[in-house]
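Here's a quick briefing to read alongside the coordinates. Have a look at the structure first, then go through the notes below.

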Amino acid sequence: MKIGILAYQGSFEEHALQLKRAMTKLNVSGDILPVKKAGDLKQVDGLIIPGGESTTIGIIAQKLGVLDDLKSKITEGTPVLGTCAGAIMLAKDVTDAKVSKKSQPLIGEMNIQVIRNYYGRQRESFEATLDFSVIGGGKGRVVFIRAPAIVKTWGEAKSLMTLQGVTVMAEERNMIATTFHPELSNTTIVHEYFLNHVKR
């Protein structure tokens, strides 16, 4: 099993560490590879698009010719986990908390509407306890850093988990989106859930 993590910015190392822990729990072996150029995508069975600045990630991916290949890989059914900025990248509809339609390069394959910086700026970042029973886990602490919100799902997309009535984790076929940072959590359940998609 080869898992690629888009590695322009954001928490590559934390995701890699959580993936290793999840692999150990599930008793699967695999390699974790940084994805920076189009050729890196050829060999991966699953993809993680981490947090960071979604506009920056999109622009770099586009400039390096990776964005279209990412879209193709995901359209073909490669499992993908988009966290925070990664969830924004996956969304078909993105708006900002203060301005309407946000113009930025997106993968745009998932039937979700996302509002960037929904809870406010950096200083409004917070921790919360979520119940992961819907994906086979218990309760876990997670971090929301300049987090977006998934405010609408349609088509095959469905809300998996909410916090105060707002979707924080959604799924559509091979795509999983979280508005929190599962790589900074005290539970590996999100990465286990993703790896089980890859195994299937």
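Let's start with Ile 5: setting aside neighbours within four places in sequence, it touches Phe 12, His 15, Ala 16, Leu 19, Ile 32, Leu 33, Pro 34, Val 35, Ile 48 and Pro 50. Bear in mind that this is a predicted model.

**Ile 5 and its surroundings**
- Ile 5 sits in strand β1, which covers residues 2-6.
- Its relative accessibility is 0%, so Ile 5 counts as buried, the cut-off being under 20%.
- His 15 is ten residues along the chain from Ile 5, and their C-alpha atoms are 7.9 Å apart.

**How α1 meets α6**
- Helix α1 (residues 12-26) packs on helix α6 (residues 189-199) at about 70 degrees, and the axes lie 9 Å apart.
- Angles of 65 to 115 degrees count as roughly perpendicular, so that's the label for α1 against α6.
- The α1/α6 crossing is right-handed.
- On the α1 side, the contact uses His 15, Gln 18, Leu 19, Ala 22, Met 23, Lys 25 and Leu 26; α6 brings His 191, Glu 192, Phe 194, Leu 195 and Asn 196.
- By type, the residues of this contact split into six nonpolar, four polar and two charged.

**The two sides of α4**
- In α4 (residues 67-75), the buried residues are Leu 67, Leu 70, Lys 73 and Ile 74.
- Looking down the α4 axis, those buried residues fall within an arc of 125 degrees, so they line one face of the helix.
- Asp 68 and Thr 75, on the other side of α4, are exposed.
- Just after α4 comes Gly 77, with a positive phi of about 110 degrees.

Note on methods: Residues numbered from 1 in each chain as written. Predicted model: local features only at pLDDT ≥ 70, side-chain atom pairs only at ≥ 80, totals over all residues. Heavy atoms only, no water. Axes fitted to C-alpha atoms, helices over the stretch in contact; angles between N-to-C directions. Helix = DSSP H or I, 4+ residues; strand = E, 2+ residues; numbered from the N terminus. Parallel < 35°, antiparallel > 145°, perpendicular 65-115°, else oblique. Left-handed = near helix turned anticlockwise from the far one by under 90°. Contact = heavy atoms within 4.5 Å. Nonpolar A, V, L, I, M, F, W, Y, C, P; charged D, E, K, R; others polar. Buried < 20%, exposed > 50% of the residue type's maximum accessible area, 1.4 Å probe, protein only. Arc of directions from axis to C-beta.
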